[in-house]
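Here is a brief report on one protein model. It covers ring contacts, a sheet and charged pairs.

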Amino acid sequence: MTELGLLLVAVLLVFHLKAQEKCQSKRSPPPVVCVGYQGRLGNLMFQYAFLYSVSRNRGLYPVIPENFQPSEAFRINKTTWHLLGVNKSPCENINSYTERWPCSFDEKLMDTPILQSAKFNGYFQSWKYWIQYENKLREIFKFQDTIAQRADKQLRNILNTEDFPCCSENVTLVGIHVRRGDYTSKTVNEYGQITPNASYYQNAMNYFEKLYPQVLFIVASDDLKWTKIALKGRENVHISLGNFGPEDMALLSLTNHTIMSVGTFGWWVAWMTRGITLYYKPIFAPDSRFSKDFNNDPSSFIYPGWIPML
């Protein structure tokens, strides 16, 4: 081939590559479903469960952020928008829908006719959104190996110490999550959010001690000082120290039963444990603004079979 011919081929190849690049840059992403993620681990898990359910029901691509915290803790497929090969997020400038109640089931939200990409805003704190995919979500919400192995090691170390004269190899393990933190502030209380007092935890612990001859309570809390005082005098209590959120969740999930306080962190612990779950009965102050978040009915938030206690 002559030099002129080679030059012509090179020019045509460059033209073809530029045309292909231009075509790819304008490529439309597949229909997607997005969520306006907000909150910490427990909230994000509810939002992902909702996202997963909608994506399965409607055949949409479930978009998560690149730095999505739960994907670092659990076996979540990293379906980020970068994997679509597009130049900007497909979650922008698409139809948006907002839940009516953060802590209840909004049937209208699920009945929304979606023929193309859509974004949902809310907390979606109801098991009813995704109950049909529960078994699949149990696989997805298994901890990453490093977190699971650390929790297993911690539990073995707890059981192998001589600090608990109550306990033998036949001990029943009960996880307790004590959520206080912002729930003790005046602003939050005025909104109608409340947290249990010490008597609730004592009553709940007595409940399990009447059921089983040997019980060891494993406790995680965001207020260690208060928790140590509230549970003072009991020899069968181990309080977790030094873990970050997913590690405490993994440790508590290895117990047989659960004592919840408030919030979504303890909710997911109880769901993972699948044993007897006790929860604080007055979830919200009556006639408060917070009660409206539940549509004045906690049944769509509380998982079936869980037991209320004061």
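## A charge over a ring

R138 places its charged end over the ring of W271, 4.0 Å from the ring centre. A charge sits over a ring if NZ of Lys or CZ of Arg is within 6 Å of the ring centre and within 35 degrees of the ring normal.

This is a predicted model: local features need pLDDT of at least 70, side-chain atom pairs count only at pLDDT 80 or more, and totals for chains, interfaces and linings use all residues. Residues are numbered from 1 along each chain as its sequence is written, and side-chain values use heavy atoms, with hydrogens and water left out.

## Aromatic pairs

The structure holds 36 aromatic pairs. Rings of Phe, Tyr and Trp (its six-membered ring) pair if their centres lie within 6.5 Å; planes under 30 degrees apart count as stacked, over 60 as edge-to-face and the rest as tilted. The planes of F50 and Y129 stand at 90 degrees, with centres 5.1 Å apart, so this pair is edge-to-face. It links distant parts of the chain, 79 residues apart: F50 lies in helix α2 (residues 41-58), Y129 in the loop between β4 (118-121) and α5 (134-140). Helices (H or I, at least four residues) and strands (E, at least two) are DSSP runs, numbered from the N terminus.

F50 and Y129 are both buried. Buried means under 20% relative accessible area, exposed over 50%, partly exposed in between (1.4 Å probe, protein chains only). F294 and F301 also pair edge-to-face, at 5.5 Å between centres and 90 degrees between planes. Both F294 and F301 are buried.

## The sheet

Four strands form an open sheet in the order β2-β1-β4-β3, with parallel pairing. Two strands pair if DSSP finds at least two bridges between them. The edges are β2 (61-62) and β3 (95-98), each pairing on one side only. Strand β1 (residues 32-35) pairs with β2 in the parallel sense over 2 bridges. V33 has P62 in β2 as its bridge partner.

Helix α2 packs on this sheet and touches β1, β2 and β4 (contact: heavy atoms within 4.5 Å). The direction of α2 makes about 165 degrees with that of β1. Axes are lines fitted to C-alpha atoms, for helices over the stretch in contact, and angles run from 0 to 180 degrees between N-to-C directions.

## Salt bridges

The count is 11 salt bridges (a side-chain nitrogen of Lys or Arg within 4 Å of a carboxyl oxygen of Asp or Glu). R100 bridges to D106, with the closest N and O atoms 2.9 Å apart. R100 is partly exposed at 36% relative accessible area, whereas D106 is buried at 2%.

K142 meets E139 at 3.3 Å, N to O. K142 is partly exposed at 36%, and E139 is partly exposed at 42%. Salt bridges with shared partners join R100, D106 and E107 into one network.
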